[in-house]
Amino acid sequence: MLSGRRLDLLDPSPLDVEISDIAHGLARVARWNGQTRGDHAFSVAQHCLVVEEIFKRTNPAFGPDALQMTLLHDAPEYVIGDMISPFKSVVGGGYKAVEQRLEAAIHLRFGLPPHPSRELKALIKKADTVAAYFEATELAGFSITEARKYFGQPRGISADMLPIEPMPALEAQEKMLARFHEIEAMRGAGTPA
């Protein structure tokens with residue numbers, strides 16, 4: 001890692017996880033295998049910001065721990081990259097096991113439970129699916145009909161509410177770091193989001 005940390009993929013230690021490495025890596029990993037419109041790739045870091053914004057708007061009762069887990073929902077991809085869902089299915093359990101070990105190390109590093117509860121995981125997944133709908137229709141060339149088929153029709157959220165325009169990697173990295181630290185400040189103060 002650029003921070004100088006060395007992370008063991010098979011046995012990741014929370015002590016080797018740095019938010020600067022996560023934000024740097026995710027800002028340079030393209031969603032949709034880079035098959036999006038615009039001058040810049042739509043990065044996983046920007047996707048995390050979009051998902052957290054959707055989650056925050058649709059689940060106002062949840063506090064900053066849930067917001068932080070939502071922001072970090074794809075954090076393991078800073079090490080293992082982003083794979084499109086159909087390919088993850090083909091790869092199977094080994095990929096998932098590595099991803100889960102990384103998720104636990106990341107969460108523990110920041111004082112979060114190793115994994116979100118079943119309820120929280122389902123709500124994060126729902127926000128992730130809404131984000132995928134808008135990414136598909138706004139950036140990846142899907143028709144509305146096609147996106148509805150794969151992702152359903154979002155309710156209560158529109159594209160203009162979201163930071164969906166692809167941004168340069170450095171900007172996505174800085175915005176992810178800034179949001180992480182905002183949420184950390186809320187967690188430290190014990191205040192609701």
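Predicted model: local features only at pLDDT ≥ 70, side-chain atom pairs only at ≥ 80, totals over all residues.

Biologist: Which residues of α3 are the buried ones?

Modeller: They are P64, A66, L67, Q68, M69, T70 and L71.

Biologist: And what makes you say that α1 is largely enclosed?

Modeller: It's a count: six of the eight residues of α1 are buried, so the rest of the structure largely encloses that helix. The buried ones are I19, D21, I22, A23, G25 and L26.

Biologist: Why is W32 called buried?

Modeller: The cut-off for buried is under 20% relative accessible area. W32 comes in at 19%, so W32 counts as buried. You'll find W32 in the loop between α1 and α2.

Biologist: What is there to say about the backbone at W32?

Modeller: W32 has a phi near 60°, a positive value in a residue other than glycine. N33, found in the loop between α1 and α2, also isn't a glycine, and has a positive phi of about 55°. For a glycine with a positive phi, look just after α9, where G190 takes about 70°.

Biologist: Why does Q46 count as buried?

Modeller: Buried means under 20%, and Q46 has 0% relative accessibility, so Q46 qualifies. Q46 is in helix α2.

Biologist: What is Q46 in contact with, leaving aside its neighbours within four places in sequence?

Modeller: With P163, I164, E165, P166, M167 and A172.

Biologist: Now the inside. Which residues have the most contacts in the largest nonpolar core?

Modeller: I22, L72, F110 and M176 do, in a core of 50 residues. Two or more residues each come from α1 (19–26), α2 (44–58), α3 (64–71), α6 (93–109), α7 (118–138) and α9 (169–189). The largest share, eight residues, is from α2.

Biologist: Take F110, then. How do you know that F110 is buried?

Modeller: Set its 9% relative accessible area against the under 20% that buried requires. F110 is below the cut-off, so the label holds. F110 lies in the loop between α6 and α7.

Biologist: Which residues does F110 touch, not counting those up to four places away in sequence?

Modeller: V17, E18, I19, I22, L72, F180 and R187. L72 has contacts of its own beyond its neighbours within four places: I19, I106, F110, L112, M176 and F180.

Biologist: Why is A104 called buried?

Modeller: A104 has 15% relative accessibility, so A104 counts as buried by the under 20% rule. A104 lies in helix α6. Not counting residues up to four places away in sequence, A104 touches P114 and H115. The C-alpha atoms of A104 and T145, 41 residues apart along the chain, are separated by 37 Å.

Biologist: What makes the reach of α9 close to the expected one?

Modeller: Its 21 residues reach 30 Å from the first C-alpha to the last, and 30 Å is what you'd expect at 1.5 Å a residue.

Biologist: Which residues of α9 are buried?

Modeller: A172, Q173, M176, L177, R179, F180, I183, M186 and R187. Among the elements covering them are α1, α2 and α3.

Biologist: Last one: how do α2 and α7 pack?

Modeller: At an angle of about 120°, with their axes 8 Å apart. The crossing of α2 past α7 is right-handed. From α2 you have H47, V50, V51, I54 and F55, and these meet L120, L123, I124, A127, D128, V130, A131 and E135 in α7.

Biologist: What classes of residue make up that contact of α2 with α7?

Modeller: Ten nonpolar, one polar and two charged.

Definitions and conventions
Residues numbered from 1 in each chain as written. Heavy atoms only, no water. Core = buried A, V, L, I, M, F, W, Y, C linked by side-chain atoms within 4.5 Å. Buried < 20%, exposed > 50% of the residue type's maximum accessible area, 1.4 Å probe, protein only. Helix = DSSP H or I, 4+ residues; strand = E, 2+ residues; numbered from the N terminus. Contact = heavy atoms within 4.5 Å. Expected span 1.5 Å × (residues − 1). Axes fitted to C-alpha atoms, helices over the stretch in contact; angles between N-to-C directions. Left-handed = near helix turned anticlockwise from the far one by under 90°. Nonpolar A, V, L, I, M, F, W, Y, C, P; charged D, E, K, R; others polar.
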